Amino acid sequence: GVRLTVETCPHYLSFAAENIREGQTPFKCCPPIREEGNREKLWQALAEDAIDCVVSDHSPCVPELKQLETGDFGTAWGGVTSLQVGLPAIWTEAARRGHALADVVHWMAEGPARLVGLERKGAIQVGHDADFAIFAPDDHFVVDTATLEHRNQVCPYAGMDLAGVVRSTWLRGTKINTVTPQGQFLIRGQS
């Protein structure tokens, strides 16, 4: 009878521990990235609706805290920079496994909005905020950290070929730009 919520993050669905070379501290996170078998079990759980949502867990830091020069996982910051590449990363892996874009929307928009009680978020329908992205699912790009909008550009996705390009993002019907801060603090149940 206990209410249980299960979430995962793009990095747990994109990477496998056996493919991370020693000293690659941009991959350090908590919990750590596990082996391929564990990753596939996460994908299976998503397919079976046993996982409620996929969330960013965007946790950037200055390059010095990632211990890039020493490669010391023990002292490196435990967080992954992924906000800008999260949707393409999930879409790349989801499409590879035969999932539809609607599944990704369910995991990354509908699920999180429902979980935290944001009644006007998570869907494009009458009565909801006009929050959406123009997404080109068949376009590809290689992640170049120099072009990321993150303040600190240490990113484990660097050099990866990802499917799906976000062409523009809209918040409450207004197109977002990368210069003017927009948004507001949201509280469960409030419009």
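Predicted model: local features only at pLDDT ≥ 70, side-chain atom pairs only at ≥ 80, totals over all residues.
The side chain of lysine 121 meets that of aspartate 129 in a salt bridge, with 2.8 Å from N to O.

Lysine 121 also forms a salt bridge with aspartate 131, where the closest N and O atoms are 2.6 Å apart. Both residues of this pair lie in the loop between α4 (101–116) and β3 (132–142), so the bridge ties together parts that are 10 residues apart in sequence. Aspartate 131 has a relative accessible area of 23%, and is therefore partly exposed.

## Aspartate 129 and arginine 120

Which residue, besides lysine 121, meets aspartate 129 in a salt bridge? The partner is arginine 120, and the N to O distance between the two side chains is 2.7 Å.

Aspartate 129 is buried, at 11% relative accessible area. Arginine 120 has 32% relative accessibility and counts as partly exposed.

## Salt bridges elsewhere

How many salt bridges does the model contain? The count comes to 10. A network of these contacts links Glu36, Arg39, Glu40, Glu93, Arg96 and Arg97.

## A nonpolar surface patch

Val62, Leu65 and Trp77 make up a nonpolar patch on the surface. Together these residues have about 250 Å² of accessible area.

Tryptophan 77, one of the patch residues, is found in the loop between β2 (53–54) and α3 (86–96). Is tryptophan 77 buried, partly exposed or exposed? Its relative accessibility is 36%, so tryptophan 77 counts as partly exposed. Membership of a patch requires over 30% relative accessible area, and the value for tryptophan 77 is 36%.

## The segment after β5

Threonine 178 is placed in the segment after β5 (174–175). With a relative accessible area of 61%, threonine 178 is exposed, because that class begins over 50%.

Arginine 188 is 10 residues from threonine 178 along the chain, and the C-alpha atoms of the two are separated by 27 Å.

Methods
Residues numbered from 1 in each chain as written. Heavy atoms only, no water. Patch = residues over 30% accessible without salt bridge, like charges linked within 9 Å, V, L, I, M, F, W, Y side chains within 5 Å. Areas by Shrake-Rupley, 256 points an atom, 1.4 Å probe, with all protein chains shown as cover. Salt bridge = Lys/Arg side-chain N within 4 Å of Asp/Glu carboxyl O. Helix = DSSP H or I, 4+ residues; strand = E, 2+ residues; numbered from the N terminus. Buried < 20%, exposed > 50% of the residue type's maximum accessible area, 1.4 Å probe, protein only.
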